[in-house]
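Colleague: I have a new model open and would like to learn how to read it. Could you take me through it step by step?

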Amino acid sequence: MRLLLHELKGELRLYTRSRELAFFTFMLPIIFFVLLGSVYGDADKINGYRAPDYLLTGMLGYGVAATAFSGLAIVLVIRRETGVLKRLRATPLPAPVYIAAVLLTTLIAFAVEAIVLVALGIVLFDAEFPRNLLSVAAALLLGSAAFAVLGVGVSGLVRRAEGASAVITALYLPLSFISGAFFSQQHFPEWLKTIADLLPLTYFIDLMGAVMLGGDSLWDQPTDVAVITAWGIFGVLLATRFFRWTPQEG
């Protein structure tokens, strides 16, 4: 445990010192929320909720994709291709401790981001305080854990550090739009709705809306919980199969 806390401290320091990473994974969802929230009025409705309230759940979804999935995957690809992971693997630091520290850093970063988003929503747009705080926390933990392990798995599929940002952004940014992070899916064509129904982010945003705005318990949404959990398990299998410590040869 002492070793884990020591490594976690180092990972948190590295995260806060990386200005580009902090901006694109931490600040960008907050900036989008402030800009888009300023466009909607109290009379605007999305999926039956006040538009700023719905947008808050959507930005939490975008934030989990940007921070837990994209940011983690990009960092791991860059560290692998520059030989950092290979050198770490040769040290006495146990691999599970390193992976746990990296995942915990991501979860802490997203937790802080979620608190900032909710606080801004309440202060700037009169958003409601979460009705079921315990279920909100559990939903955030479930979503961030699932997307984090997906990020670890996807990092093994990206071959070059130079293209990591482009490839992973091309994955999560369009999927954020399709999943309804920025606007309702009700006017989508049927083929796009079919794609949205397959994406974990769609279910995470629905779950956040139910527990934050509807006051439901986490277990009142078994479909959302089951789909997010299934994608998390898929991420574990993907990471087990494709995650590598050494740079790609050739």
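The talk below goes through confidence, cores, a surface patch and salt bridges.

Colleague: Where is confidence lowest in the protein, and where is it highest?

Modeller: This is a predicted model. Where pLDDT is low, the predicted coordinates should not be read in detail. Here the mean pLDDT is 87, and 98% of the residues reach 70 or more. Strand S1, residues 45-46, has the lowest confidence, with a mean of 74. Helix H10 has the highest, at 94.

Colleague: Next, the inside. Which residues of the largest nonpolar core touch the most other members?

Modeller: In soluble globular proteins, nonpolar side chains tend to be buried together. In this model the largest nonpolar core holds 72 residues. Tyr62, Leu140, Phe204, Met208 and Met212 touch the most other members. Several helices supply at least two residues each, including H1 (2-17), H3 (51-81), H6 (133-155) and H9 (200-213). H3 gives the largest share, 18 residues.

Colleague: What is phenylalanine 204 in contact with, leaving aside its neighbours within four places in sequence?

Modeller: Its contacts are Leu60, Gly61, Val64, Ala139, Leu140, Gly143, Phe147 and Ile228. There is also a second, separate core of 5 residues. Among them are Ile178, Phe188, Leu192 and Leu199.

Colleague: Now the surface. Which residues form the nonpolar patch there?

Modeller: The patch consists of Ile122, Val123, Leu124, Phe129 and Leu133. Together they have about 490 Å² of accessible area. H5 provides the largest share, 3 residues. Phenylalanine 129 sits in the loop between H5 and H6.

Colleague: Why does phenylalanine 129 count as exposed?

Modeller: Its relative accessible area is 54%. The cut-off for exposed is over 50%, so phenylalanine 129 qualifies.

Colleague: And charges? How many salt bridges does the count come to?

Modeller: Side chains of opposite charge can pair when their charged atoms come close. The count here is 4 salt bridges. In one of them, glutamate 11 meets arginine 79 at 3.0 Å, N to O. Glutamate 11 is in helix H1 and arginine 79 in helix H3, so this pair ties together parts 68 residues apart in sequence.

Colleague: Is glutamate 11 buried or exposed?

Modeller: Buried, at 6% relative accessible area. Arginine 79 also counts as buried, at 15%.

Colleague: How far apart are the closest N and O atoms of lysine 193 and glutamate 190?

Modeller: They are 3.9 Å apart, in a salt bridge. Both residues lie in helix H8, 3 residues apart, so about one helical turn separates them. Lysine 193 is partly exposed at 25%, while glutamate 190 is exposed at 58%.

Terms used
Residues numbered from 1 in each chain as written. Predicted model: local features only at pLDDT ≥ 70, side-chain atom pairs only at ≥ 80, totals over all residues. Heavy atoms only, no water. Core = buried A, V, L, I, M, F, W, Y, C linked by side-chain atoms within 4.5 Å. Buried < 20%, exposed > 50% of the residue type's maximum accessible area, 1.4 Å probe, protein only. Helix = DSSP H or I, 4+ residues; strand = E, 2+ residues; numbered from the N terminus. Contact = heavy atoms within 4.5 Å. Patch = residues over 30% accessible without salt bridge, like charges linked within 9 Å, V, L, I, M, F, W, Y side chains within 5 Å. Areas by Shrake-Rupley, 256 points an atom, 1.4 Å probe, with all protein chains shown as cover. Salt bridge = Lys/Arg side-chain N within 4 Å of Asp/Glu carboxyl O. pLDDT = per-residue confidence, 0-100.
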